[in-house]
Structure formats: structure tokens, C-alpha cells
Amino acid sequence: MHARLERELETIHAMIALYCGDRHGVGESLCADCQALLDYARVRLDRCQFGAQKPTCVNCPVHCYQPQYREKVRVVMRYAGPRMLGRHPVLSLRHWLAGFRRHDGR
Ligand code: SF4
Ligand SMILES: [Zn+2]
């Protein structure tokens with residue numbers, strides 16, 4: 001996987017972990033639902049038709065996620081995004097979230 005995609009996956013993982021830990025609290029690992037969401041995101045990234053040129057998924061004109069996963073990832077980001085800004089200087093998270101909000105229309 002390209003480094004940029006790896007970083008995006010790491011970010012998604014960190015967000016899901018934060019969300020799952022607070023909401024589902026199953027300890028170190030993710031609950032089955034959140035693990036499935038992360039696995040799904042990994043497959044999408046792996047198969048992304050844009051390759052190294054890919055936009056962040058939230059800014060993507062294609063949106064290859066199935067609706068139920070898009071909705072889940074949206075919920076996770078809305079929860080974890082603002083909480084991570086302080087502690088995760090990972091990629092340009094701020095920019096990433098700004099794009100997400102634009103797309104989301106909120
Ligand atoms: S949503 Fe867009 S950028 Fe993200 S994996 Fe799918 S096609 Fe690629
Ligand atoms: Zn969970």
C-alpha cells in the first residue's frame with residue numbers, strides 16, 4: 001500500500017479505536033462491528049482506483065463506500081475528529097476534517 005494510503009488507514013484506525021473505546025468499551029481491541037468497519041475501509045483503500053493520486057475518501061467524487069459503511073464512518077469521524085485534533089498531529093487532520101464537513105454539508 002502506498003505511504004499516503006497507509007497514513008489514511010492509520011488515521012481511520014485511530015478514529016475508530018477512540019470511538020469504539022468510548023462507546024463500546026471492549027478493552028484493547030475493537031468490537032466486532034468496528035473491526036468490520038476498519039476491515040472494510042482497508043479493502044476500499046487497497047482497491048482505490050485513484051492509487052497514489054487519491055483524494056482523501058471524504059473528498060472523493062466517487063465514494064466507493066456502501067451507504068451503511070459511509071454512514072458508520074461519518075458517525076465515527078464526527079465523534080473522533082474534534083477529540084483527536086489535540087492529541088493526534090497525524091497528517092493534515094484539520095484539513096481532512098474540513099473537507100469532510102464540506103462534503104457532509106454540516
Ligand atoms: S472513497 Fe474514493 S478515495 Fe476513498 S477508497 Fe473509495 S474511491 Fe478511493
Ligand atoms: Zn466498536
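Visitor: In which helix does glutamate 6 lie?

Guide: This is a predicted model, in which local features need pLDDT of at least 70, side-chain atom pairs count only at pLDDT 80 or more, and totals for chains, interfaces and linings use all residues. Residues are numbered from 1 along each chain as its sequence is written, chains are lettered from A and ligands numbered from 1 in the order in which they are written, and side-chain values use heavy atoms, with hydrogens and water left out. Helices are DSSP runs of H or I of at least four residues, strands are runs of E of at least two, and both are numbered from the N terminus. Glutamate 6 lies in helix α1.

Visitor: Is glutamate 6 buried, partly exposed or exposed?

Guide: Buried means under 20% relative accessible area, exposed over 50%, and partly exposed in between, with a 1.4 Å probe and protein chains only. Because its relative accessibility is 34%, glutamate 6 counts as partly exposed.

Visitor: What separation do the C-alpha atoms of glutamate 6 and leucine 45 have?

Guide: Along the chain, glutamate 6 and leucine 45 are 39 residues apart.

Visitor: How far does helix α1 reach from its first C-alpha to its last?

Guide: Helix α1 covers residues 3-23 and has 21 residues. The expected span of a helix is 1.5 Å times one less than its number of residues. For α1 the expectation is 30 Å, and the helix comes close to it, reaching 30 Å.

Visitor: How many helices does the chain have?

Guide: The pattern along the sequence reads α-α-α-α. There are zero strands, and the helices number four.

Visitor: Which residue forms an aromatic pair with tyrosine 19?

Guide: Rings of Phe, Tyr and Trp (its six-membered ring) pair if their centres lie within 6.5 Å; planes under 30 degrees apart count as stacked, over 60 as edge-to-face and the rest as tilted. The count by this rule is three aromatic pairs. One of them is edge-to-face, at 5.6 Å centre to centre with 75 degrees between the planes, and joins tyrosine 19 to tyrosine 79.

Visitor: Why does the pair of tyrosine 19 and tyrosine 79 tie together parts that are apart in sequence?

Guide: Both tyrosine 19 and tyrosine 79 are buried. The pair ties together parts 60 residues apart in sequence because tyrosine 19 lies in helix α1 and tyrosine 79 in helix α3 (residues 67-84).

Visitor: Which residue lies over the face of tyrosine 79?

Guide: A charge sits over a ring if NZ of Lys or CZ of Arg is within 6 Å of the ring centre and within 35 degrees of the ring normal. At 3.7 Å from the ring centre of tyrosine 79, the residue is arginine 83.

Visitor: Which residues do ring pairs link into a cluster?

Guide: Tyrosine 40 and tyrosine 65 are both buried. The cluster linked by ring pairs consists of Tyr40, Tyr65 and Tyr69.

Visitor: How many disulfides does the structure hold?

Guide: A disulfide is a pair of cysteine sulfur atoms within 2.5 Å. Cysteine 57 counts as buried at 17% relative accessibility, and cysteine 60 does at 9%. The number of disulfides is zero.

Visitor: Which residues are around ligand 1?

Guide: A residue is near a molecule or strand if one of its heavy atoms lies within 4 Å of it. The residues around ligand 1 are Arg44, Cys48, Phe50, Lys54, Pro55, Cys57, Cys60, His63 and Cys64.
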